[in-house]
Amino acid sequence: MRVPISWLKEFVDIEVPVEELAHRLTMAGLEVGEVITTGGWENCFVGHVERVEPHPNAQRLTLCAVATGAGVQQVVCGAPNVAAGQKIAFARVGATLIDGRTGRPSRLKAAKIRGVVSEGMICSEKELGLGEDHDGILTLPQDAPVGTPLDDYMGDQALDLEPTPNRADWLSVLGVAYEAAALTGARAREPEALYPEEGLPISAHISVSIQDPDLCPRYTASLIKGIAVGPSPRWLRERLERCGVRPINNVVDVTNYVMLEYGQPLHAFDYETLLKGRILVRRAYTGETMETLDGVVRALDSSHLVIADDRDARALGGIVGGMDSGISEGTTDVLLESASFNPANNRQTAQAFRLRTEATARFEKGLRPGLTAPALRRATQLIHQVAGGTVAKGIVDVYPGRREPEAILLTSARMKKVLGVGYPREQVEEVLDALGFRSQREGDSDLRVTPPYWRSDVTIEDDLVEEAARIIGYDAIPTQMMATPLPALERQEMRDFREEARDLLVRSGLQEVISYSAVSLDALREAGAAGDGAGLLKVANPMSREYQYMRPTLRASLLQTLASNLARQTESVGIFEIGRVYLKRPKGLPEEPETAAGLLYGPRAKEGWLGDAGHYDFYDAKGVVEAALEQMGAAASFQPGADDFFHPGKTASITVNGAAVGVVGEVHPVVQERFQIDGGPVAFFEMRLDRLLAALPQGKRPLKSLARYPSSIRDISILVDSDVPAAKVQAVIEGRPLVERAVLFDAYEGKEAPPGRVSLAYRIYFQAANRTLSSEEVNRDLAKVVRLLEREAGASLRGGETTAG
Amino acid sequence: MTSQNLARTIEQAREAALEELRGLTGEEGLEEWRVRYLGRRGRLTAALRSLGTLAQEERRVVGAQANQAKALLEESLAQARRRVRESRIAGLAQEERIDVTRPGRPVAMGRFHPLTRILREICDAFESMGFQVVEGPEVEWDRYNFEMLNIPRDHPARDMWNTLWIDQEDDEGRQSMLLRTHTSPMQARTMERVKPPVRVIVPGKCYRYEATDATHEWHFYQVEGLAVDEGITLANLKGTLYEFARRLFGAERKVRFRCDYFPFVEPGVEMAIDCFACEGAGCRICREAGWIEILGAGMVHPKVLEGVGYDPAVHTGFAFGMGPERIAMLKYGIEDIRLFYSNDLRFLRQF
Ligand SMILES: [Zn+2]
């Protein structure tokens with residue numbers, strides 16, 4: 001919404017600089033995006049063309065004598081429309097104008113044109129930056145005072161406003177005028193709409209009835225007969241253009257003008273096209289159609305409100321007119337409509353037909369029925385003024401939805417309770433009065449307040465509190481910390497745990513990433529996580545196919561992240577993400593469990609002089625998982641797993657206290673190929689944090705007492721069948737009461753080992769809580785360990801080097 | 001062996017040992033020397049062992065000589081060790097020099113996503129003012145996302161939140177499940193669950209159907225705050241948010257509160273801080289305004305309070321919401337919001 005200052009000043013005297021006004025409006029809630037200046041025409045004046053003579057050396061040029069208030073100056077002019085007696089915009093040497101050909105500003109220099117000196121220039125619209133017209137010069141009204149600087153005569157500034165959706169009145173010059181008045185201590189006034197009425201009363205020409213008052217509480221209309229449709233006068237066109245509205249013809253221009261002025265959209269019918277002079281405001285019939293002004297035939301139903309004549313729908317109420325009932329060049333009689341429509345219905349219909357217009361932008365916000373009549377009178381006056389004709393006596397005013405405005409009680413106690421500060425009643429009265437509210441004193445400190453007819457947003461006491469607070473200014477409200485009691489503390493276990501997990505994964509050297517929560521079906525398919533698609537949570541209107549499904553896993557996101565970084569020539573990647581996955585439920589909201597996943601890919605160490613540290617593999621991912629779980633106090637077990645996403649021989653399910661909490665493995669070569677990741681394995685883990693948290697032992701972890709007696713160390717090396725898991729061997733060893741722990745320090749499978757067997761070497765720490773173990777005791781127990789291993793794991797002793805410890 | 005022979009042998013061993021010792025410069029040489037002369041099978045030890053073959057008188061004389069020799073060698077050895085050690089230490093700079101300009105062994109250093117850092121910073125600031133962090137569902141009902149926030153269907157304010165809908169119909173055949181457009185649904189969810197006093201902060205992901213560019217994302221985080229009790233005022237809103245701005249952006253920051261509109265608050269507030277890049281003079285970052293808008297806020301609308309069963313005549317409260325991406329962009333000088341979710345490691349590794 002653009003509001004020219006010149007227009008605003010018709011209704012309020014503005015005594016502060018425009019920049020200051022813009023600032024105050026912004027602070028009070030009406031953001032001024034920009035102050036747009038028309039003008040800045042230094043060295044330009046209103047001139048009078050005294051004589052026009054042919055140029056001696058050029059057929060198309062003329063020599064003009066221009067009175068400028070400071071003598072008469074000779075100008076060589078090329079415009080075909082220049083004529084003696086015209087008032088024009090004269091630019092002296094030194095003026096900066098828009099070059100007609102390049103469109104860029106350039107400085108006017110004294111010049112000889114075909115041998116004759118030109119002391120200035122008569123400007124076109126385009127040269128003054130007013131429009132695109134460059135075919136001829138701009139002519140000014142005859143009453144333009146010669147010698148007046150052009151800036152003073154026709155310069156202007158406009159406020160480019162960004163109104164909030166609650167304030168339909170801010171979509172009008174008058175609404176902004178009341179706002180400006182309250183913010184500058186002035187009083188706003190409304191235009192007078194006086195015009196002569198002639199002949200029969202309007203009821204002799206037209207009858208209006210409203211069938212659906214819930215959709216149209218009030219309908220007003222006037223009739224102007226014998227008008228001449230044509231272009232609007234300059235002032236009207238100029239105003240519209242400065243507000244960014246394209247002029248069409250005088251009748252339509254007036255309806256737009258009054259919409260900008262009052263905020264009330266109007267519609268002009270060609271009265272002759274309305275059958276039997278009857279208007280019926282009704283819901284459309286099922287199956288009814290209407291061709292709208294844009295040439296589209298619309299299929300209507302009973303959810304749409306139409307303005308019909310005796311037979312057909314002639315307009316979609318408050319949205320758009322019909323093709324053949326509008327104003328045309330030949331129109332002589334105009335029926336002017338100013339009505340009130342149901343905002344929700346208006347919005348639904350406009351959205352359904354994709355017909356959102358300047359009118360619906362106002363109707364959908366809810367215009368008060370009180371606005372219809374003043375706007376109608378103003379528009380009638382202006383049509384009469386610019387298009388002639390005679391106005392029928394009176395107006396049509398059908399008002400079945402009449403509701404007297406309710407006064408709202410504003411107490412000083414409420415003001416203080418909400419704002420934390422009170423204002424003197426006089427000050428509040430002053431603010432409300434300037435805004436156009438009527439208020440009556442009640443009791444010692446309260447007010448009974450009636451909002452003005454153009455305000456639809458003020459319905460409760462707190463709305464009035466805001467009016468006072470924002471006009472007096474939020475700066476006047478103190479800045480205070482809360483002194484109220486603290487709520488009882490509720491532990492957020494899941495969040496605390498999730499943040500702990502985030503810390504742990506960062507500490508294990510991984511980079512945190514955050515990806516979009518939605519992914520493409522293709523990506524899910526490639527990750528083997530799409531199923532048949534039916535179990536996925538689908539976005540009905542996604543940004544693009546790329547983000548059509550809420551992710552049920554972090555797998556696709558992380559592989560995509562890896563692939564995109566590899567494409568950027570990153571060599572080594574260690575990343576993790578903690579985020580929600582979205583699991584559809586047959587009814588109700590989906591489950592959104594917090595999930596942690598990560599991957600390691602590429603060389604373990606950056607390239608460098610210290611040599612090759614090898615490529616990340618399964619055991620790196622498992623190491624991260626083990627470290628994190630240990631830190632959380634979870635005793636985890638890993639069993640060979642089956643999951644199509646993973647390499648069938650290199651994946652393990654992660655179990656904590658009997659609950660499956662996740663998977664770790666190397667990504668299946670086929671999956672890797674689909675994401676175009678080559679050059680080595682991707683070690684990957686994924687864990688459901690909700691399940692993990694539930695499986696963790698409750699309560700404080702008991703502290704282990706520190707050993708008081710030294711441990712003894714023995715190393716053994718055994719051979720077992722290749723399919724015997726190391727975890728089993730470990731469990732057998734650690735099952736002995738004197739064994740404090742055992743560490744696998746070598747594993748070998750290959751030439752040196754017998755076929756089908758693997759060599760495992762363990763360092764075993766023997767320890768007792770209450771004494772130092774003797775060498776004999778330790779050796780006896782070691783022998784038992786070996787016997788158990790033979791029996792339970794099919795192990796054979798390969799060597800036993802013992803180390804005293 | 002005669003006593004003379006033995007004495008000579010000891011004498012020779014002693015002289016040879018001392019002679020040899022003078023030429024030794026390394027720890028290893030000294031140890032070998034010790035084994036050769038003083039070890040179990042060393043020359044002097046062998047000589048001492050032979051003492052047993054002598055008569056008692058001779059043994060006493062030669063024995064004394066042998067013990068003297070042994071003491072002398074041990075003392076010399078100790079001296080030589082000190083000498084060698086001192087010269088080694090004196091020569092460390094030369095002998096054991098490494099090229100300290102080569103890069104060190106790489107350590108895998110994990111890093112947080114910049115948004116994690118900023119979210120923690122924001123939550124910490126409010127937690128220290130007695131707010132508790134709560135979280136809610138990202139896939140929401142229209143009811144919580146809009147209706148309970150005083151935004152009925154067909155309300156023009158819905159244009160402020162272009163919504164991504166879930167392709168699933170409710171019992172009435174309507175699309176009523178959506179991706180929350182803000183974290184504000186947790187206002188209603190929290191108040192439905194607990195009675196005042198309420199003081200919560202809600203971080204979380206939100207979604208809007210919005211074309212993306214350098215300052216707009218369809219997928220983003222928001223942090224919502226809500227404080228409700230008897231006696232909470234707009235002055236408290238100002239106090240709390242001013243304190244927050246100081247903690248996050250520095251004690252010298254100025255704040256500005258202006259009126260703004262959100263359907264679920266009344267009065268509505270927008271808070272801006274003075275631009276730290278230009279100190280309020282106007283620059284590219286603040287779009288020449290001198291001020292940077294960082295959050296929307298207001299007093300909780302009486303209809304919202306009524307909707308959850310609170311009595312607005314008794315309880316008042318304030319709510320606010322902010323975009324952590326925007327705050328991170330300001331704090332870290334990030335110029336394109338899309339960097340947050342593109343996961344370009346070259347970007348993430350800078351935090
Ligand atoms: Zn700045």
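**Close-up views of a two-chain predicted model**

Over all chains of this predicted model, the count of salt bridges comes to 101. The views below pick out some of them, then turn to the interface and the cores.

**View 1. A:D294 and A:R298 form a salt bridge.** The two side chains meet at 2.6 Å, N to O. How exposed is A:D294? A:D294 has a relative accessible area of 42%, so it is partly exposed. A:R298 has 10% relative accessibility and counts as buried.

**View 2. A:R502 pairs with A:E499 inside helix α13 of chain A.** Their salt bridge spans 2.9 Å, N to O.

**View 3. B:R189 and B:E140 meet in a salt bridge.** The N to O distance is 2.5 Å. This pair links distant parts of the chain, 49 residues apart. B:R189 sits in helix α7 (residues 185–193) of chain B, and B:E140 in strand β2 (residues 139–141) of chain B. B:R189 is partly exposed, at 22% relative accessibility. B:E140 is buried, at 1%.

**View 4. One network of salt bridges includes residues of chain A and chain B.**

**View 5. Chain A meets chain B.** The contact takes 91 residues from chain A and 104 residues from chain B. Together the chains bury about 8,100 Å². Carbon and sulfur atoms carry 55% of that area. How many salt bridges cross this interface? The rule finds 13. One salt bridge joins A:E499 to B:R120, at 2.8 Å, N to O. Polar contacts link 51 residue pairs between the chains. Helix α13 (residues 493–507) gives the most to chain A's side, with six residues. That side has 40 nonpolar, 21 polar and 30 charged residues.

**View 6. The largest nonpolar core holds 211 residues.** Which members touch the most others? They are A:L8, A:L159 and A:Y219. Helix α4 (residues 173–184) of chain A supplies the largest share of this core, nine residues. Beyond its neighbours within four places in sequence, A:Y219 is in contact with residues including A:V208, A:F269, A:I307, A:E337 and A:V398. A second, separate core has 33 residues, including A:L510, A:A596, A:V664 and A:L693.

Notes. Residues are numbered from 1 along each chain as its sequence is written. Chains are lettered from A and ligands numbered from 1 in the order in which they are written. This is a predicted model: local features need pLDDT of at least 70, side-chain atom pairs count only at pLDDT 80 or more; totals for chains, interfaces and linings use all residues. Side-chain values use heavy atoms; hydrogens and water are left out. A nonpolar core is a set of buried Ala, Val, Leu, Ile, Met, Phe, Trp, Tyr and Cys residues joined through side-chain atoms within 4.5 Å. Buried means under 20% relative accessible area, exposed over 50%, partly exposed in between (1.4 Å probe, protein chains only). Helices (H or I, at least four residues) and strands (E, at least two) are DSSP runs, numbered from the N terminus. Contact means heavy atoms within 4.5 Å. Buried area is the accessible area (1.4 Å probe) that two parts lose on being put together, summed over both. A salt bridge is a side-chain nitrogen of Lys or Arg within 4 Å of a carboxyl oxygen of Asp or Glu. A polar contact is a pair of N or O atoms within 3.5 Å; within protein, one must be able to donate a hydrogen and the other to accept it, and residues adjacent in sequence count only if both atoms are side-chain atoms. Ala, Val, Leu, Ile, Met, Phe, Trp, Tyr, Cys and Pro count as nonpolar, Asp, Glu, Lys and Arg as charged, and the others, Gly among them, as polar.
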